[in-house]
Amino acid sequence: MSTTLHNKPIPALGRLWSMFGTRSWHPSTSTPKLKSDDDDVDSRSPESLHQKPLLPAGSLTGNVLAMIRIIWTFTKNDLFTFSLQCVFFGVALSFAKDARTAPDPPTFNQVLSRLTGSCLIQFMSQLLTNLDNQREPASVIEDRINKPWRPIPSGMITPDQTRRLLLCLVPVYLALGYALGVWNMALVVVTINFIYNDLGGSGELLVRDVVLGIAYIIHQMGALQITLGSGEYRTDMAGDLVSPRGYAWAAMSGLLVVTTIPIQDIKDQEGDRQRANRKTMPLVIGETATRYYLAVMIPFWAVVGTVFWGTPVWYAVPLVAYGLYISWRLLAMRNPVDDEASWRNWTRWQLLAYALPAVNALTE
């Protein structure tokens, strides 16, 4: 069946859409529905090839908008709580003279010109990670409870269509990483996704948190490399642009994430319990123990960060106080709505912690 645009057949586009399970391109086509638990959940089965259209609109513009909506829904929960932090980390650390080998920090115009590349690679990294993670059958079951608005449980796209979209985007992502001088980062991200999703690392408590910590470090270092001009100098991963102190701060930020990221598991307990192999800290040691653990670790890292950078009192006190406030919330406000708010406060607190190198540079 050929695709039409303004009532004219476009066979090539029709073959392209059919790759994603599209039978026709007509407004009367119904929205795809997620298969029930009684159906075969294997996205590689023959039954999964007979799918309802992914792009049911009647015009090219409508289909483009539909795809944008699907991509946005895949990533919107993480763009401002992960990708933004990594971009901000790179910009802030680039201004600290102890974190780079170049004698001068990038100029304001250089930062602005490189910001587009940094944001683009972070967005693509996040999109690939979300596609790979959310297409897994166990993730679909969890999202039906925790995040039913996501593309697969809401019926906007099927797991097999998601897999095919992922296959198309991986080479594009690797090429983008090479063009921006962070091809090493791109390869590591693809490998980490394989370990986390395809090898079941997300279900192992220690592996899960360590992989997430490494992912933060890799994304942050990628943002730092681009901000320092890695794409222009064609250096290897971080190369001679980053000093040992810069590496040390990146490692510390990774440990910060590894030891405090269980805060997001507190709000997702109901869905996590539906996954037989899910081992998060609240499910393993208990919710109360996890809350007290986090109540100690968050202000601890605030203190460590301010000492590491010799932060002035006017910034150190609010940062530590904010960490203590989050600790108080975790212990005093125990319900799903407040747990969601505590997690969002944690992501904002991260931004303040990542700003420490820039504050140090401004006060020298």
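This is a predicted model: local features need pLDDT of at least 70, side-chain atom pairs count only at pLDDT 80 or more; totals for chains, interfaces and linings use all residues.
View 1. Glu340 and Arg344 are separated by about one helical turn because they lie four residues apart in helix 15.

**View 2. The salt bridge between Asp339 and Arg291.** The closest N and O atoms of this pair are 3.0 Å apart. The pair links distant parts of the chain, 48 residues apart: Asp339 belongs to helix 15 (residues 336-354) and Arg291 to helix 13 (residues 287-309). Asp339 is buried at a relative accessible area of 6%, and Arg291 is buried at 0%.

**View 3. Arg164 and Asp160 in helix 5 (residues 159-179).** A salt bridge joins the two side chains at 3.5 Å, N to O. Arg164 counts as buried at 16% relative accessibility, and Asp160 counts as buried at 1%.

**View 4. The bend in helix 2.** Helix 2 covers residues 60-94 and bends by about 70° at Leu79. Its end C-alpha atoms are 42 Å apart, short of the 51 Å that a straight helix would reach.

View 5. Residues 172-196 are 88% helix, with end C-alpha atoms 21 Å apart. Residues 246-263 are 89% helix, and their end C-alpha atoms lie 26 Å apart.

Conventions
Residues are numbered from 1 along each chain as its sequence is written. Side-chain values use heavy atoms; hydrogens and water are left out. Helices (H or I, at least four residues) and strands (E, at least two) are DSSP runs, numbered from the N terminus. The expected span of a helix is 1.5 Å times one less than its number of residues. The bend at a residue is the angle between axes fitted to the seven residues ending there and the seven starting there. A salt bridge is a side-chain nitrogen of Lys or Arg within 4 Å of a carboxyl oxygen of Asp or Glu. Buried means under 20% relative accessible area, exposed over 50%, partly exposed in between (1.4 Å probe, protein chains only).
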